[in-house]
Amino acid sequence: TDKQVVKWTYSTCGYCSTGCAIEIGSNADGKPVASRGVGGADVNRGKLCVKGIFEHEVFEAQGRGEIPLLRGAAQQSFDAVGWDQAFDKMAAEIARIQAQYGRDAFAIVSTGQILTEEFYTLGKLARGVIGTNNYDGNTTLCMASAVSGYKRSFGSDGPPGCYEDFEHTDCLMAWGSNLPEQHPIIYWRMKEAQEKRGFPLIVVDPRVTMLAQNADIHLPITPGTDLVLQNALIHVILAEGLEDKAYIEANTNGFEAMAVEVAKYDPTNAAKICGIDEDTIRTVARLYAKAERAMSIWTMGINQSTHGSDGVVGINNLNLVTGNIGKPGGTSLSITGQCNAMGTREWSSCSGLPGYRALEKAEDREEIGKFWGVDPEFFPKQRGLTETDIFPAIETGQIKGLWLVATNPMTSMPNTARIRKAFEKLEFLVVQDSFADVETMEYAHLFLPAAIWAEKEGTFTNTERRVNITRPIKQAFGQSQSDLWIFNQLAKRFDQGRRIEFPEQPEQVFEEMKFLSKGRLMDVSGMNYALIEANRGIQWPYTEQHVEHGERPKAGGVRLYTEPRTFRHPDGKAKLIALPFIDNNEVPDEQFPFWLNTGRLVEQFHTRTRTGKIGNNNKFSPTAFMEINPDAAIELGIKHQSYVRVVSRRGDAVVMAMLTQRVPKNMVFVPFHFFDCVNRLTLGLLDPYSRQPAFKQAAVRIEAT
Ligand code: SF4
């Protein structure tokens with residue numbers, strides 16, 4: 001080609017959870033110079049979005065970490081040090097903090113960005129060696145409500161559906177999900193299916209997103225009130241006898257209590273709270289219930305809410321009463337955020353023990369303790385603090401040391417002013433990242449440079465439970481090393497680490513995971529790296545029994561809870577759950593008259609650690625901006641592309657005003673990617689079940705500058 005590619009190497013995209021199979025082309029010098037989609041891949045069928053197309057540029061992007069860096073205090077300059085000195089210092093500081101303040105005074109926050117084998121190994125190190133219970137992932141900002149909602153409804157995490165469901169459905173409802181910008185290739189799959197089948201698309205979103213522009217029915221809901229709409233839809237379905245009685249009888253319990261609760265949400269009253277008129281509520285309820293197969297997808301509009309977990313259960317309730325779980329085209333499919341958010345949910349141990357095991361269960365502690373060679377009594381008996389509770393615990397002095405792995409809380413956490421205060425109190429902060437210029441470095445004592453996604457080998461799991469592989473395309477940048485190597489080296493610094501085996505090769509780690517997955521919902525025991533690559537990814541479950549019976553990995557779509565339907569609650573049934581709505585939002589008032597909404601742009605990824613350095617991505621949105629309705633702008637005297645100050649009770653941010661009808665008159669929208677911007681304003685009240693913050697429910701005022 002004109003890029004002089006001499007070799008293409010197979011990988012899986014390292015950005016979003018769509019899980020596109022990608023090949024990176026290298027020239028004769030081994031330099032990555034091109035990216036292309038893999039034609040035979042089930043997921044993306046040869047396509048990539050604007051982030052994937054330029055992904056080869058990320059390897060040598062500005063700001064890559066080259067060497068470990070150490071300093072005595074946050075105000076001092078860093079010294080370059082060798083890996084041995086870095087690990088010695090880190091092990092000594094962890095030991096000091098734990099001896100002085102207790103085991104849980106050292107906390108770990110990881111990510112949805114590293115490889116599954118690395119999550120598993122970090123879990124072993126955190127739970128079995130370091131022994132802190134305050135270990136979580138940044139997935140608490142992203143998918144925790146989906147996890148919690150799936151567990152409450154079905155007895156386990158694990159999205160039951162797959163992308164192929166678009167090709168079977170008769171009605172699609174998207175809740176707070178803007179596929180064209182968040183997950184462009186899933187959007188393309190959905191549109192292709194819709195063009196063939198002509199199913200109606202209903203979009204629930206307060207903003208006229210790109211997906212809402214495609215909708216047959218757009219429901220511009222009042223922020224934080226999805227639960228009211230869900231209860232009202234079920235109210236209409238039950239009142240008109242449209243429920244699937246046989247399905248409910250055979251597969252669920254809790255119907256009576258749920259029916260009593262939804263009886264309170266007649267569409268007339270619900271309309272006053274959720275802002276959707278009563279006739280539309282009735283129309284949507286009938287459309288969804290009368291469709292032979294209906295499915296719901298959702299993303300952060302549901303999860304990042306004070307009712308996030310309930311919102312997920314509400315979607316599951318809707319699908320259970322209409323008989324839409326466990327059949328092609330009938331499902332509840334959470335569209336995940338990060339490339340390996342699913343891997344961390346399955347294997348990281350941050351919310352429990354690996355393989356969907358729970359710290360709360362004695363048999364799970366026994367099983368993992370025996371396999372790892374750790375006394376089960378060493379494990380805590382219940383989950384420790386989530387990321388969103390770790391920062392307040394730093395503020396109060398309960399936590400003194402923190403290790404961040406591929407996450408950048410200075411930009412990603414709500415209410416940045418509080419996060420800054422917490423960082424200032426830490427005695428020891430380790431930042432492990434592929435980039436040395438992440439904003440959180442301002443407070444780091446030690447920096448560990450990590451290899452980037454395709455400088456190493458291992459697996460990711462995508463939104464539809466598909467395990468896919470990434471192969472090393474080139475050597476790691478500078479002296480950076482794979483996260484797996486870093487975890488293994490640190491394990492060796494602890495006495496206890498010598499008793500526990502830490503395999504060095506990724507596929508050896510995968511073999512351990514296979515063993516521990518046998519017989520569990522997420523059974524991967526039939527997979528190996530060669531088979532995964534040959535199939536361009538394999539959905540779990542794929543078991544050793546499949547292999548023994550000569551069943552090849554299924555092309556197309558694998559679903560959970562199909563006939564004979566067994567959910568993961570002890571009685572094998574799914575739970576219908578009564579969901580009373582308690583209004584606990586920060587709502588606009590005279591002083592702060594606008595809703596603040598946040599979200600993602602198609603060309604950027606998360607805190608722009610990577611895409612902010614890639615010209616072809618960054619040139620589309622080089623600076624932070626705010627969407628504001630032209631009518632509101634005229635009243636405030638704000639001109640298109642002028643700079644304005646957005647103010648909340650937490651802080652302020654200066655952004656460029658973009659006048660657009662995409663937002664209603666009482667709302668502004670600011671993308672979340674930019675440092676020192678929207679998260680200076682967000683409140684971040686927490687969902688009581690998932691501890692996920694409500695990024696999208698805050699009140700602000702706008703001041704011309
Ligand atoms: Fe990568 Fe997601 Fe784009 Fe696919 S849709 S190329 S996984 S960023």
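Student: Which residues is Tyr-288 in contact with, leaving aside neighbours within four places in sequence?
Tutor: This is a predicted model. In it, Tyr-288 contacts Cys-171, Met-173, Leu-233, Ala-294 and Thr-322, once those sequence neighbours are set aside.

Student: OK, and which members of the largest nonpolar core touch the most others?
Tutor: Tyr-288 is one of them.

Student: Which helix gives the most to it?
Tutor: Helix 8, residues 226-239. It supplies eight residues.

Student: Why would nonpolar side chains be found together?
Tutor: In soluble globular proteins, they tend to be buried together.

Student: Switching to helix 14. Is it enclosed or exposed?
Tutor: Largely enclosed by the rest of the structure, because 14 of its 14 residues are buried.

Student: What span should it have, and what does the model give?
Tutor: Helix 14 covers residues 308-321. At 1.5 Å a residue, its 14 residues should span 20 Å. The end C-alpha atoms are 20 Å apart, so the two agree.

Student: What comes just after helix 14?
Tutor: Gly-323, with a positive phi of about 70 degrees.

Student: Which residue has a positive phi although it is not a glycine?
Tutor: Arg-465 is one, at about 65 degrees. It sits in the loop between strand 17 (458-461) and strand 18 (466-470). Tyr-561 is another, with phi of about 60 degrees. That residue is in the loop between helix 23 and strand 20.

Student: Is Arg-465 buried or exposed?
Tutor: Buried, because 26 other C-beta atoms lie within 10 Å. The cut-off for buried is 20 or more. Tyr-561 counts as buried too, with 21 C-beta neighbours inside 10 Å.

Student: New topic, peptide bonds. Is the one joining Trp-540 and Pro-541 cis or trans?
Tutor: Cis, with omega about 5 degrees. Pro-541 lies in the loop between strand 19 (538-539) and helix 23 (544-548).

Student: And from Glu-563 to Pro-564, cis or trans?
Tutor: That bond is cis, with omega near -10 degrees.

Student: Where is Pro-564?
Tutor: In the loop between helix 23 and strand 20 (574-575). Tyr-561 lies in the loop between helix 23 and strand 20 as well.

Notes
Residues are numbered from 1 along each chain as its sequence is written. This is a predicted model: local features need pLDDT of at least 70, side-chain atom pairs count only at pLDDT 80 or more; totals for chains, interfaces and linings use all residues. A nonpolar core is a set of buried Ala, Val, Leu, Ile, Met, Phe, Trp, Tyr and Cys residues joined through C-beta atoms within 7 Å. A residue is buried if 20 or more other C-beta atoms lie within 10 Å of its own, exposed if 12 or fewer, and partly exposed in between; C-beta atoms are placed from the backbone. Helices (H or I, at least four residues) and strands (E, at least two) are DSSP runs, numbered from the N terminus. Two residues are in contact if their C-beta atoms, placed from the backbone, lie within 7 Å. The expected span of a helix is 1.5 Å times one less than its number of residues.
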